[in-house]
Amino acid sequence: MDLFLSQILSGLSSGAIYASLALAIVMIYQAIEHINFAQGEMAMFSTFIAWTLIVNYNVSYWLAFLIVLIVSFFGGILVERIVFAPIHDAPILSHLIVFLGLFAIFNSLAGYIWGHTIKSFPSPFPEASFRGLVGLHQLGTVAFVGFLLLLIYVFFSFTRLGLAMRAAAANPVSAQLTGIRVKWMTALGWGLASALGAVSGMLVAPVVFLDPHMMGGILIYSFAASLLGGVNSPGGAVLGGFIVGVLENLVGTYVEFIGNELKLTFAFILITGVLLFKPNGLFGRTVVTRV
Amino acid sequence: MNALLEVSRLEAFYGQSQVLHNINFSLMPGSITTILGANGAGKTTSLRALSGMVKTKGDIIFGGVSISGKATEEIVRFGIAHVPEGRGTFEGMSVMENLQLGAMTRKDKNGIKEDIERMFGYFPILKNRTYQQAGTLSGGEQQMLAVARALMLRPQLLLLDEPSFGLAPLLVSETLEILRRINQESKVCMLVVEQNATLALNLADYAYVLETGKVVISGTAEEIKNNESVRRSYLGY
């Protein structure tokens, strides 16, 4: 029973990471209808900036955290303005290639600046464990991400800017007719997604250790999460994140031939399964176009 | 009296093809003007040109200021609201959210609240649907929501693209009745594009007739109603 409970709790913790990255993916998907393959690498890059601040400049953890959130926010806006705004009307393949290009750029740039050796990254939470079941870092991650998701929910549901961003994503032409500056809403979405990704990077780095490739697997799980929840449903992506986190842990523990080695395969099976049998995910809307 | 909107030598393009040719017209403050014409004559494009939704050449002067070449979202800030073809409501959002979106460029919180109540006064059915998703409303209700959403801007000029489209006959006359009432109460100038010429001419003070992107006849609604060729081509008697 203890093993089961401990697996659920640590599953929720990795689920919180997947949920935040999946939400970042969905935010950009809603604005431009493409999946940002570089979301994980952008998060990794942000985490390296935090590492530099903490280790090289002795900045306290939470101050570094805050600085990185701000830097990532404006970095995300810059990437959108410089890279994606000019190719806004380009065909889907161009977007795809640019996303992959961004992936490669952030990955090699991080390797070039910080090297490929694995680095440890501090956790803001004490190293103790909770009743021997799960580390306090894991528990702290769940609580912190939960709080953050609540903030995001409040922002999008109850503020005018949140409403404007949703309107711009749902119906850009009508949004312009209400005076919303749609281009800036898209850029703002990128900023928020990038900051949210940075959170996932900084929270997962103490667990998987910091190196330019640390987000690879996490990105796959987050894709699975966003697809499972429905790639046009923010709430679905969050729930999908937690479901994937818990399932991944339980499957790894209780299904012997999968174990730790084949866990990532499970994510791919999930992605394929969702695409085959429920392409809109659990909570996604079917997009119907009248002709 | 000076015109609220003056359009001169207006041309509009979709890519390479020119849709409007040398259009001139003006709108008097507080008046209702209608644009008549067959399908493809350029009625919708005329409205889209005013809102900066198509590429244009020529002058568009609104309240003494040139707005030609400006972006849609900036033109809205001059006080021009547009109910587009197909209504343009936010279907996944509630009636309340749609109304709030209409007032996106305004800062006066209390005024916005008052105006929402005013809209519920014009369109009582919307009040019962306050928190319902716009996509679940009937066609008529969505049309009312679209008009209400546009009015939330407190516009000086309201552009309406086929407000009667897809509505049951009873609703059509009801909608036009409300439009007339709103025009009289809040003095908002309206430019209405209508397929149904009889209705449009009954509602409007002035009318322009478009044919293949050119203004061919213009005058007061009365004059147009009595024009022989308009009667034969558009009114059918």
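Modeller: In this predicted model, S1(B) and S2(B) run antiparallel and are joined by seven bridges. One of the bridge pairs sets B:Ala12 against B:Leu20 in S2(B).

Colleague: How many residues lie between S1(B) and S2(B) in the hairpin?

Modeller: Two residues separate the strands of this hairpin, and in the turn B:Gly15 has a positive phi of about 60°.

Colleague: In what order do the four strands of the open sheet in chain B lie?

Modeller: The order is S2-S1-S4-S5, with antiparallel pairing. Strands S2 (17–27) and S5 (65–66) of chain B are at the edges; each has a single partner strand, so one side of each is left without a neighbour in the sheet. Helix H1 (residues 43–50) of chain B packs on the sheet, where it touches S1, S2 and S4 of chain B. The direction of H1 makes about 70° with that of S2(B).

Colleague: What span should helix H2 of chain A have, given its 19 residues?

Modeller: At 1.5 Å a residue, H2 (residues 39–57) of chain A should span 27 Å. Its end C-alpha atoms are 26 Å apart, which agrees with that expectation.

Colleague: Which residue takes a positive phi just after H2(A)?

Modeller: That residue is A:Asn58, with a phi of about 55°.

Terms used: Residues are numbered from 1 along each chain as its sequence is written. Chains are lettered from A and ligands numbered from 1 in the order in which they are written. This is a predicted model: local features need pLDDT of at least 70, side-chain atom pairs count only at pLDDT 80 or more; totals for chains, interfaces and linings use all residues. The expected span of a helix is 1.5 Å times one less than its number of residues. Two strands pair if DSSP finds at least two bridges between them. Two residues are in contact if their C-beta atoms, placed from the backbone, lie within 7 Å. Axes are lines fitted to C-alpha atoms, for helices over the stretch in contact, and angles run from 0 to 180 degrees between N-to-C directions.
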